[in-house]
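Work through the exercises below with the sequence and the structure at hand. Each task is followed by a solution in steps.

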Amino acid sequence: MADPNQTQMLPDDPHRTVMGTAPTINATQTIKPVQCPVCKTRNPAGMMFCVECGLIFDRALPDDVFGAPVVRLPVLVEETGREHPVRIGVNVVGREGDIMLPDPKVSRRHAQIVYDDGTMTLEDLGSTNGTEINGEKIPQGDKKTLNAGDSVSFGGVTLKLSTPGQIGKTQMLGGGPSVDTGTKGQGDEGSPAVEKEEFEAAAFLIVDGEEKPLKKGVNTFGRKAENDVQITDPYVSGKHGKIEVEVDGIYLTDIGSTNGTLLNGEKLEANDRKPITADDEIKIGGLTLKIRRVES
C-alpha cells in the first residue's frame with residue numbers, strides 16, 4: 001500500500017482522473033480572524049459584522065448599502081456595542097456555541113434561541129449560573145418569547161436584543177430638560193460602566209420616535225456606548241457621526257461611517273458638515289432620525 005505522506009509525481013496526462021487523499025480530521029487547522037477591509041480591525045472567525053465599524057461581511061454591497069435587501073437579522077448587543085447576529089433556526093449560546101460568550105460564568109452550552117417565522121424563543125439548557133430575561137430567571141426547560149429591547153443575562157453576561165429598524169433601549173431617557181445620560185457605578189463582572197455627564201438638553205435627536213437629548217456643542221453618535229448617543233443597530237458604525245448644537249444652528253457630520261448617512265435622500269460625503277432643521281429627515285439603514293431644538 002502506498003504511503004499517503006510520500007511525495008508522488010503526477011501523470012503527464014492532464015485529463016486523467018487522480019484520486020487524492022482526504023485530509024485527516026486529526027490534522028491541526030488554523031482559523032484566521034477576519035480582517036475588515038474598511039477599518040482593518042481583526043474580527044474573530046465567523047463574525048458577520050465588523051465589531052468596530054459595523055461592516056456586514058457576508059451581505060455587504062460593493063457600492064451603496066441603501067440598496068441592500070430589506071430583511072436583516074436581529075442582534076444581541078453587548079454593553080461594549082459588540083453584536084451577535086441571531087440566525088434563522090437554532091442558535092446555541094455559550095462558550096462554545098453559535099453565539100460565543102467567552103466568559104467563565106457562561107456554560108459551554110448555556111442556552112438556545114430559536115428564531116422561526118419572526119418569533120424568537122429562549123430556553124436555558126441546564127446552565128450552571130442560569131439565564132434571565134429582564135431580571136427574571138428562566139426555569140430550566142421553559143421556553144420564553146423574546147421581544148425587541150429585552151435584556152438577556154447568561155450567567156451574568158447581559159445583552160440587549162435589537163431587531164432590524166429598532167434600537168436597543170440601553171438608555172432609558174425621559175423628555176425633561178435635565179437628563180442623566182448614563183449609568184454610574186460598576187457594570188457586569190466588575191467592569192466600570194460608561195458614565196456620562198448630566199446636562200440640560202439643548203435639542204433632541206429623535207430615533208424612530210424615541211427622543212435622545214443633545215447638549216450644547218458636539219454630540220457624537222454611533223453603536224459604541226462611549227458615544228453621547230448610542231444607537232445599537234447593525235448598520236450604524238461604532239463611531240458614526242456627530243451633531244453640533246450651536247447658537248446659529250444645528251449641524252450634522254458623517255465622520256466616515258462604513259454604511260453612510262442619508263440627508264433628505266442624499267448620501268453625505270464623509271466629514272461634510274451640513275446644517276439641519278426639524279424639517280429634515282436623516283436615514284441610517286432602516287432607521288429614521290429627526291432633530292428637535294429646545295426653545296429657550
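A residue is called buried under 20% relative accessible area, exposed over 50%, and partly exposed in between. The model used here is predicted.

**Exercise 1.** Classify the two partners of the salt bridge between Glu96 and Arg108, and state where each one sits in the chain.

Solution. 
Step 1. The closest N and O atoms of Glu96 and Arg108 are 3.3 Å apart. The cut-off for a salt bridge is 4 Å, so this pair qualifies.
Step 2. Glu96 lies in the loop between strand S5 (89-94) and strand S6 (99-100). Arg108 lies in the loop between S6 and strand S7 (111-116), and the two residues are 12 residues apart.
Step 3. Glu96 has 58% relative accessibility, so it counts as exposed. Arg108 has 48%, so it counts as partly exposed.

**Exercise 2.** Is Glu244, which forms a salt bridge with Arg273, buried or exposed?

Solution. 
Step 1. The N to O distance between the side chains of Glu244 and Arg273 is 2.9 Å.
Step 2. Glu244 belongs to strand S20, and Arg273 to the loop between strand S23 (266-267) and strand S24 (274-276). They are 29 residues apart.
Step 3. Glu244 has a relative accessibility of 10%, so it is buried. Arg273 has 41%, so it is partly exposed.
Step 4. By the 4 Å rule, the count of salt bridges comes to nine.

**Exercise 3.** Which residues of the largest nonpolar core touch the most other members, and which elements give two or more residues to this core?

Solution. 
Step 1. The largest nonpolar core has 21 residues. Leu205, Leu214, Ile231, Ile243 and Leu289 touch the most other members.
Step 2. The elements giving two or more residues are strands S16 (203-207), S20 (241-246), S21 (249-254), S25 (282-284) and S26 (287-293).

Note on methods
Residues are numbered from 1 along each chain as its sequence is written. This is a predicted model: local features need pLDDT of at least 70, side-chain atom pairs count only at pLDDT 80 or more; totals for chains, interfaces and linings use all residues. Side-chain values use heavy atoms; hydrogens and water are left out. A nonpolar core is a set of buried Ala, Val, Leu, Ile, Met, Phe, Trp, Tyr and Cys residues joined through side-chain atoms within 4.5 Å. Buried means under 20% relative accessible area, exposed over 50%, partly exposed in between (1.4 Å probe, protein chains only). Helices (H or I, at least four residues) and strands (E, at least two) are DSSP runs, numbered from the N terminus.
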